[in-house]
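Follow the description below alongside the model.

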Amino acid sequence: MPTASLSRDKAYARIRDLVMSGEFASDEPLSERSLSDRLALGRTPVREALKALARDGLLTIHPMRGTFVRQLSFDDLREIHELRLALEGMAAYLAATRGPTEGLARCAKELRRVKSRASIDVEEAQQIGWTFHDELFRATANGRLAQAYDNLRAQSGLALQKMPQYNPDRTRQAVSEHLDIYAAVEAQDPDAAQQRMWRHLSSAFEARLNALGAVRPRIPTTGGKRS
């Protein structure tokens, strides 16, 4: 049983990595047999991994057609955004009650370095930004919250595959927003950290929708404007 469990977990991790890297086209069915050969794993753990990835919202199983990478709808994007408001707002709040970790401090240093340049590297800044969010959850010292975020992060990453990259102006703004969140964590001001995270996520969501030519939906209010 332990060996079977390890094989399933290995299949899950490797197939998820392939999905998140954009390895599969949207109309390409994921074959148990080809994945089993590719990963040098048995078909049973591959089958179980595909079912688990479908439960986690990354794949869609169509009876008689096959298993495909999930194509996220506008409502999916809205739901992901609203859940990010809840989870990441709480993460910012809890991190601020405890104060900054070494990981968060390193991210802040990198963000300041990126911001100080005359021109900004969009891809580098976004990678540091994702790391900042990951470190924020580690700073909560709440394993269950971090676990909930891990699945949401995968769905969010899947959605971003199909979205235009930030432009330099929005990227620079996002860097400043991350540093504002860090400042609130450093000051151990939970309310400010939470509010700033909410504003950061809402600004990011609006920028993505504008880039897609979509209209931003009305988002439930998240409290006052304290900063």
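Arg-84 touches Gly-89, Trp-130, His-133, Leu-152, Ser-156 and Leu-201, leaving aside residues up to four places away in sequence; contact here means heavy atoms within 4.5 Å. This is a predicted model, in which local features need pLDDT of at least 70, side-chain atom pairs count only at pLDDT 80 or more, and totals for chains, interfaces and linings use all residues. Residues are numbered from 1 along each chain as its sequence is written, and side-chain values use heavy atoms, with hydrogens and water left out.

Arg-84 lies in helix H4. Its relative accessibility is 16%, so Arg-84 counts as buried (under 20% relative accessible area, 1.4 Å probe, protein chains only).

Helix H4 (residues 74-98) packs on helix H6 (residues 122-139) at an angle of about 60°, and their axes are 8 Å apart. H4 contributes Arg-84, Leu-87, Glu-88, Ala-91, Ala-92, Ala-95 and Arg-98 to the contact, and H6 contributes Trp-130, His-133, Leu-136, Phe-137 and Ala-139. By class, the contact of H4 with H6 has eight nonpolar, one polar and three charged residues.

A second pair is formed by helix H2 (residues 32-39) and helix H3 (residues 43-55), which pack at an angle of about 115° with axes 9 Å apart. On H2 the contact involves Glu-32, Arg-33, Leu-35 and Ser-36, and on H3 Arg-43, Val-46, Arg-47 and Leu-50. The contact of H2 with H3 has three nonpolar, one polar and four charged residues.

Terms used:
Axes are lines fitted to C-alpha atoms, for helices over the stretch in contact, and angles run from 0 to 180 degrees between N-to-C directions. Helices (H or I, at least four residues) and strands (E, at least two) are DSSP runs, numbered from the N terminus. Ala, Val, Leu, Ile, Met, Phe, Trp, Tyr, Cys and Pro count as nonpolar, Asp, Glu, Lys and Arg as charged, and the others, Gly among them, as polar. Buried means under 20% relative accessible area, exposed over 50%, partly exposed in between (1.4 Å probe, protein chains only).
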